[in-house]
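Q: Walk me through this model, one feature at a time. For each feature, give me the idea and then the case.

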Amino acid sequence: MPEGYCVKCKAKKEIVDAMEEVMKNGRKAIKGKCPTCGTVMFKILGGKAVAPVAAATVAPPAVKPAGAN
């Protein structure tokens, strides 16, 4: 479970119902709730989110059989 800081309780606690999100600037974050008071907790993670790369975008060159011309 990810841990974050609850501003209302003023303590570090585990984030309940945590979901990973991507912010507008491309960074990853975790959003969830405080287990004690139910306030929304938000923790920014390091690094930028990477867009998935399509593997089948470039077709390999066709290989001719040895006997065909």
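A: Start with Asp17, which counts as exposed at 59% relative accessibility. The scale is simple: buried is under 20% relative accessible area, exposed is over 50%, and partly exposed is in between (1.4 Å probe, protein chains only). This is a predicted model, where local features need pLDDT of at least 70, side-chain atom pairs count only at pLDDT 80 or more, and totals for chains, interfaces and linings use all residues. Residues are numbered from 1 along each chain as its sequence is written, and side-chain values use heavy atoms, leaving out hydrogens and water.

Q: Where is Asp17 placed, in a strand or in a loop?
A: Strands here are DSSP runs of E, at least two residues long; helices are runs of H or I, at least four; both are numbered from the N terminus. Asp17 is in strand β3. Its backbone is worth a look: Asp17 has a positive phi of about 55° although it is not a glycine.

Q: Which value of phi does Lys10 have?
A: Lys10 takes a positive phi of about 60°, and it is not a glycine either. Lys10 sits in the loop between β1 (3-6) and β2 (11-14). At 64% relative accessibility, Lys10 is exposed.

Q: How many helices and strands does the protein have?
A: There are zero helices and five strands. Read from the N terminus, the elements run β-β-β-β-β.

Q: Which strands form the open sheet, and in what order?
A: Strands of a sheet pair through backbone hydrogen bonds, either parallel or antiparallel. For a pair to count, DSSP must find at least two bridges between the two strands. Here three strands form an open sheet, ordered β3-β4-β5, with antiparallel pairing. The edge strands are β3 (16-22) and β5, and each pairs on one side only. Neighbouring strands in this sheet are turned by 20° against each other on average, direction ignored. The axes behind that angle are lines fitted to C-alpha atoms (for helices, over the stretch in contact), and angles run from 0 to 180 degrees between N-to-C directions.

Q: How many bridges hold each pairing?
A: β3 and β4 pair over five bridges. Another bridge joins Lys33 to Val40 in β5.

Q: Which residues take a positive phi in the two hairpins?
A: In the hairpin of β3 and β4, with four residues between the strands, Gly26 has a positive phi near 95°. In the hairpin of β4 and β5, with six residues between the strands, Gly38 has a positive phi near 85°.

Q: What does Leu45 touch?
A: Contact means heavy atoms within 4.5 Å. Leu45 lies in strand β5 (residues 40-48). Not counting residues up to four places away in sequence, Leu45 touches Glu20, Lys28, Ala29 and Ile30. Lys28 is 17 residues from Leu45 in sequence, yet 5.4 Å away in space, C-alpha to C-alpha. Leu45 is partly exposed, at 24% relative accessible area.

Q: Which residues make up the largest nonpolar core?
A: In soluble globular proteins, nonpolar side chains tend to be buried together. A nonpolar core is a set of buried Ala, Val, Leu, Ile, Met, Phe, Trp, Tyr and Cys residues joined through side-chain atoms within 4.5 Å. The largest one here has five residues: Cys6, Ile15, Ile30, Cys34 and Met41. Cys34 is buried, at 4% relative accessible area. Leaving aside neighbours within four places in sequence, Cys34 contacts Cys6, Cys9, Lys13, Thr39 and Met41.

Q: How many disulfides are there?
A: A disulfide is a covalent bond between the sulfur atoms of two cysteines. The rule used is a pair of cysteine sulfur atoms within 2.5 Å. By this rule there are zero disulfides. Cys34 is in none; its nearest cysteine sulfur, that of Cys37, is 3.6 Å away. For Cys37, the closest cysteine sulfur is in Cys9, at 3.6 Å, so it is too far for a bond. Cys37 is partly exposed, at 31% relative accessibility.

Q: What share of the protein is buried?
A: Buried residues make up 14% of the 69 residues. The protein exposes about 5,700 Å², with carbon and sulfur atoms supplying 59% of it. Among contacts between residues at least 6 apart in sequence, 19% join residues at least 24 apart.

Definitions and conventions. Areas by Shrake-Rupley, 256 points an atom, 1.4 Å probe, with all protein chains shown as cover.
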